[in-house]
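Dear colleague,

I am handing over the structure that you will be working with.

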Amino acid sequence: MLVPRVWSSVRQGLSGALSRTAGSWAPGEGRKMDISGVYPPVTTPFTATAEVDYGKLEENLHKLATFPFRGAVGGVCALANVLGAQVCQLERLCLTGQWEDAQKLQHRLIEPNTAVTQRFGIPGLKKTMDWFGYYGGPCRAPLQELSPAQEEMLRLDFTSNGWL
């Protein structure tokens, strides 16, 4: 963790860099870039003497300013096995700047995605693949098939969002 006086210097540099637009980068020009809630995979660069390399840090900020961050983190990769067209539509909406429609679709995808990843895992994904006309196949040991109650809860996760 950076000591307070070093972090203060970093904050000053960041606020100056983030208040510039990606195209101009002239001090005081442009509008502020909102990156609240976004955690890009960026590490703090250090010199050979373990000091923060502010030049490299500023270079990284210039690169980040060209990315279309809007608050989404992660992906819905397992869900693409059953709702692939919808996941691709989400990407298209983001790429074309249709943020409100993208957000609505993302909210509809969250519950089913959680169901086939975190909540019911591979057995849930296999079951939904069967429902959508794909071959999910039987679970291999040590995984167990879903119980009837779990299957009903999984079905609810997809029907309540209009996917089944």
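This is a predicted model: local features need pLDDT of at least 70, side-chain atom pairs count only at pLDDT 80 or more; totals for chains, interfaces and linings use all residues.

Residues are numbered from 1 along each chain as its sequence is written, and side-chain values use heavy atoms, with hydrogens and water left out.

Helix 4 (residues 99-119) packs against helix 5 at an angle of about 135°, the axes being 6 Å apart; axes are lines fitted to C-alpha atoms over the stretch in contact, and angles run from 0 to 180 degrees between N-to-C directions. The two helices are therefore oblique to each other, a word kept for angles that are not under 35 degrees (roughly parallel), over 145 (roughly antiparallel) or 65 to 115 (roughly perpendicular). Helices here are DSSP runs of H or I with at least four residues, numbered from the N terminus.

Threonine 128 belongs to helix 5 (residues 121-131), and because its relative accessibility is 0%, threonine 128 counts as buried (under 20% relative accessible area, with a 1.4 Å probe and protein chains only). Leaving aside residues up to four places away in sequence, threonine 128 touches Val82, Val116, Leu154 and Phe158, where contact means heavy atoms within 4.5 Å.

Turning to the rings, the charged end of arginine 108 sits over the ring of tryptophan 163, 3.9 Å from its centre (CZ of Arg within 6 Å of the ring centre and within 35 degrees of the ring normal). Arginine 155 lies over the face of tryptophan 131, at 4.2 Å from the ring centre.

Best wishes

Conventions: Buried means under 20% relative accessible area, exposed over 50%, partly exposed in between (1.4 Å probe, protein chains only).
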